[in-house]
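Subject: Structure for your review, with notes on pockets, a cavity and a helix

Dear colleague,

I am handing over the structure below, and I would be grateful if you could read the notes that follow it alongside the coordinates.

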Amino acid sequence: MTHPIGIFDSGIGGTSIFKEIHALLPQEHTIYLADSKNAPYGSKSKDEIIALSIKNTELLLDKNCKLIVVACNTATTNAIQVLRDTYDVPFIGIEPAIKPAALNTQTKTIGILATKGTLSSELFHKTTDLYSNGIKVIEQVGEGIVPLIEDGKVESNEMKALLETYMQPMLEANIDYLVLGCTHYPYLIPLLLEILPKHVKIIDSGLAVAKQTKAILEFHNLLNLSTKTPQNIFFSNGDVTILNAILDDIHDVKSLDF
């Protein structure tokens, strides 16, 4: 099926998910919505997050998307069940990768860096309770991280100072896994590698989401079997300069008021 995969996030962070999907499924057309105007979702109420997720979904459905990836941990944990109950297309959600961290930790202590909206959600607590028996989980709200990334300040001194502050309690607790619970956060990995000891492993959900996307497309017979060059189109209601930069100016980025 040649219809595109739809992807949305509260800004540019979900491009980390797009890159994994595009690497695994290079023949698929994609449409990406960067809702930068309303970023970050993590500080909003559940009702606001659901309303924004519905708005994004309906825009993608208007563009004939065959499957929608909710490339935002906060939107997944707060809104995906509503979306699945409301619309007929398959939805792929994103949750912090707690399971592999909990199963593989040697120190029995893991850290989770995520937004307030994710850490306070019912789905997050269910997942944590399911896999963290006998494991100490150090949670940290990444206050201020998303706005810095959206402003193009990933490698700034301000960002490094913020991350050092957030990592300190985790290192004192002897974590050996750090779970990134926001799709913006994989762009922090180079800085985190400078800050964290070499034995601390960093986990994000990108590859797992790409594999799940492929599996669901196969299950529903929705894979694009055409040999035509696919289109990857990006829409942003914020400053397209940062989105262009993070995509290395190789994709079609358009301004759209939504």
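On a 1 Å grid over the protein atoms alone, a pocket is an open set of points with protein on both sides within 12 Å along at least five of seven lines, whereas a cavity is a set of points where a 1.4 Å probe fits but cannot get out, and lining residues are those with an atom within 4 Å of a point. Grid points are joined across faces, edges and corners, and a volume is the space filled by probe spheres set on the points.

Please keep in mind that this is a predicted model, in which local features need pLDDT of at least 70 and side-chain atom pairs count only at pLDDT 80 or more, while totals for chains, interfaces and linings use all residues. Residues are numbered from 1 along each chain as its sequence is written, and side-chain values use heavy atoms, with hydrogens and water left out.

The second largest pocket has a volume of about 190 Å³, and its lining consists of Ile12, Ile149, Gly152, Val154, Glu155, Tyr187, Pro190, Leu191, Ile242, Ala245 and Ile246. Two or more of these residues come from each of helix 9 (189-195) and helix 11 (240-246), where helices (H or I, at least four residues) and strands (E, at least two) are DSSP runs numbered from the N terminus. Helix 11 provides the largest share, three residues. By class, this lining divides into nine nonpolar, one polar and one charged, with Ala, Val, Leu, Ile, Met, Phe, Trp, Tyr, Cys and Pro counted as nonpolar, Asp, Glu, Lys and Arg as charged, and the others, Gly among them, as polar.

The largest pocket has a volume of about 640 Å³ and is lined by 31 residues, of which Thr76, Gly93, Ile94, Glu95 and Leu123 lie nearest its centre. Among the elements that each supply at least two residues to this lining are helix 2 (46-62), helix 4 (98-104), helix 6 (122-131) and helix 10, but helix 3 gives the most, with eight residues. The lining divides into 16 nonpolar, eight polar and seven charged residues.

The structure also holds one cavity of 30 Å³ or more. The largest cavity has a volume of about 50 Å³, and of the 13 residues that line it, Ser10, Cys72, Thr74, Thr115 and Cys182 lie nearest its centre. Its lining divides into five nonpolar, seven polar and one charged.

Helix 10 (residues 206-219) has 14 residues and reaches 20 Å from its first C-alpha to its last, close to the 20 Å expected at 1.5 Å a residue, the expected span being 1.5 Å times one less than the number of residues. Its buried residues (under 20% relative accessible area, with exposed meaning over 50% and partly exposed in between, for a 1.4 Å probe and protein chains only) are Gly206, Val209, Ala210, Thr213, Ile216 and Leu217. Seen down the axis of helix 10, these residues fall within an arc of 130 degrees, so they line one face of the helix; the arc is that of the directions from the helix axis to the C-beta atoms. The face turned away from the buried side carries the exposed residues Ala208, Lys211 and Phe219. Helix 10 is followed by asparagine 221, whose phi is positive, near 55 degrees.

With regards
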